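Trainee: Could you take me through this structure one feature at a time, giving the general idea before the particular case?

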Amino acid sequence: MSSPVVTRFAPSPTGYLHIGGARTALFNWAYARHNQGRMLLRIEDTDRERSTAGAIDAIIAGLTWLGLHWEGEPVSQYGRVLRHRQVAEELLAQGKAYRCYCTPEDLEAMRARAEAEKRPIRYDGTWRDRDPAAAPAGVRPAIRFRAPQEGETVIDDAVQGRVTIPNKDLDDLIILRSDGNPTYNLSVVVDDHDMGVTHIIRGVDHLTNAARQIQIYRAMGWRVPHMSHIPLIHGPDGAKLSKRHGALGVEAYRALGYLPEAMRNYLARLGWSHGDDEIFSTDQLVEWFNLESIGKSAARFDFAKLENLNGHYIRHTPDHRLLAQFIDFLPHAEGGPALKAKIDEAMMAKLLRAMPGLKERAKTLVDLMKGAQFLFAARPLTMDDKARQIMADGGKEILADVLPVLASVPDWQAPAIEAAVKAHAEARGLKLGKVAQPLRAALTGTSTSPGIFDVLEVLGASESLARLRDQAG
């Protein structure tokens, strides 16, 4: 009987949760869910100078917003330092590691010789078989892993295939520094073993580390987890992903008005596919997800595709749910907290009535917020340049003419309002747009909005007529 699947996401808290990290977390989460397993969270915070509490909070907040939930409490790698040292000492006692007394000057000289001889820069094994009695006085030793020098290390990778690395290309890495602090490759192996991780899914930039880690697993007599090294993410131009491409923190995408379900869908398609399916639910992702369908080549991040996908999700999200997401989004958006402070029960009802028209024109929640500004605007409205031009080009006169018609509409519902305005336009020999444009400018202060008759209904008769009178003069 096979072991239950256990994956892990193991970010370093030296900055925000970037888009590549978010995708790695998603793949680990989806694979664990697909196999009724568990995803664990480990914070690799051994770099004490660069690790910050703020970065840890940002990682946890980003994962939570994305809906990528882990099992149990997050594990601090730094909190397990004693265990890492214990394993280093075990390897030392078994002759699978040794003390290295090279000084920084010795190592620098070693590097200089390798460069001069145009050899790869590797530790040359100075203390591998040397008698510790020859150790110089006052030098605190590091502990190095005694790596096999012959043969090869094979990584059977679910994404990259069978990867073979000659052992002669892997030197004796330090597993415990001279100050007693363990190094990354040792800590990762010990933590993954102790946490029961069965499947490691991470970026392809860790492939060389995988070979070193496999050697440590074998030296300890531990089972090697299944490994999958996923491709990196590039920009749409094929260059390494940078801030200009959208390499932002997950919290930035939240502030830009993207929905978590759209982000999950988009991130899943960065390097993984299910036939030609582009749009799919999170439940479908979990049902379909496998490692074999992850490609080897770098994925390309495209803001335009993400925005279009997000627009699809906004249009297809039920109004009540979208309103709740909009309210949750406001504290994270520029100008959003001030709007949220204005939302009472009456405004909630207006927003809900306006939602069908608002979401048809929105690709992000920022668009939705901009579209909803007319609901929050105080009289007299401030007009943008286009709206002012509409009013200057005969709009005031058209408003003054249609006002009595609107004031006499008995049933203030969009169909009845539309019928009255259409009849008025026909009687005056005007196209409907010629009347609708000044109405929109006067009611919203802009030249674009949801359907104008929906705007009139949502604002209500009293507010609508007051705004129109303000502008009709």
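**Reading loops, helices and cores**

Mentor: Let us begin with Gly-335, which sits in the loop between helix 11 (319–329) and helix 12 (336–341); helices (H or I, at least four residues) and strands (E, at least two) are DSSP runs, numbered from the N terminus. The model is a predicted one, in which local features need pLDDT of at least 70 and side-chain atom pairs count only at pLDDT 80 or more, while totals for chains, interfaces and linings use all residues. Residues are numbered from 1 along each chain as its sequence is written, and side-chain values use heavy atoms, with hydrogens and water left out.

Trainee: Is Gly-335 buried, partly exposed or exposed?

Mentor: Buried means under 20% relative accessible area, exposed means over 50%, and partly exposed lies in between (1.4 Å probe, protein chains only). Gly-335 has a relative accessible area of 45%, so this residue is partly exposed. Asp-205, in the loop between strand 9 (199–203) and helix 6 (207–220), has 53% and therefore counts as exposed.

Trainee: What follows helix 1?

Mentor: Helix 1 is followed by Gln-36, which lies in the loop between helix 1 and strand 2 (38–43). Gln-36 has a positive phi of about 55° although it is not a glycine, and at 69% relative accessibility this residue counts as exposed.

Trainee: Which residues have the most contacts inside the largest nonpolar core?

Mentor: A nonpolar core is a set of buried Ala, Val, Leu, Ile, Met, Phe, Trp, Tyr and Cys residues joined through side-chain atoms within 4.5 Å. The largest one has 104 residues, and those with the most contacts inside it are Leu-375 and Leu-439. Helix 1 gives the largest share of this core, 9 residues. A second, separate core of 33 residues includes Ile-165, Leu-207, Ala-210 and Tyr-217.

Trainee: At what angle do helix 16 and helix 18 cross?

Mentor: Axes are lines fitted to C-alpha atoms, for helices over the stretch in contact, and angles run from 0 to 180 degrees between N-to-C directions. The axes of helix 16 (residues 385–407) and helix 18 (residues 432–444) come within 7 Å and cross at roughly 100°. Angles under 35 degrees count as roughly parallel, over 145 as roughly antiparallel, 65 to 115 as roughly perpendicular and the rest as oblique, and helix 16 is therefore roughly perpendicular to helix 18. Contact means heavy atoms within 4.5 Å, and the residues making this one include Ile-390 and Leu-399 of helix 16 and Leu-439 and Ala-442 of helix 18.

Trainee: Which helix packs against helix 18 at an angle of about 105°?

Mentor: That is helix 20 (residues 461–472), with the two axes 8 Å apart, and helix 18 and helix 20 are therefore roughly perpendicular to each other. The contact is made by Leu-439, Ala-442 and Leu-443 of helix 18 and Ser-464, Arg-467, Leu-468 and Gln-471 of helix 20.

Trainee: Where is there a cis peptide bond?

Mentor: The bond from Arg-379 to Pro-380 is cis, with omega near -10°, and Pro-380 lies in the loop between helix 15 (373–376) and helix 16.
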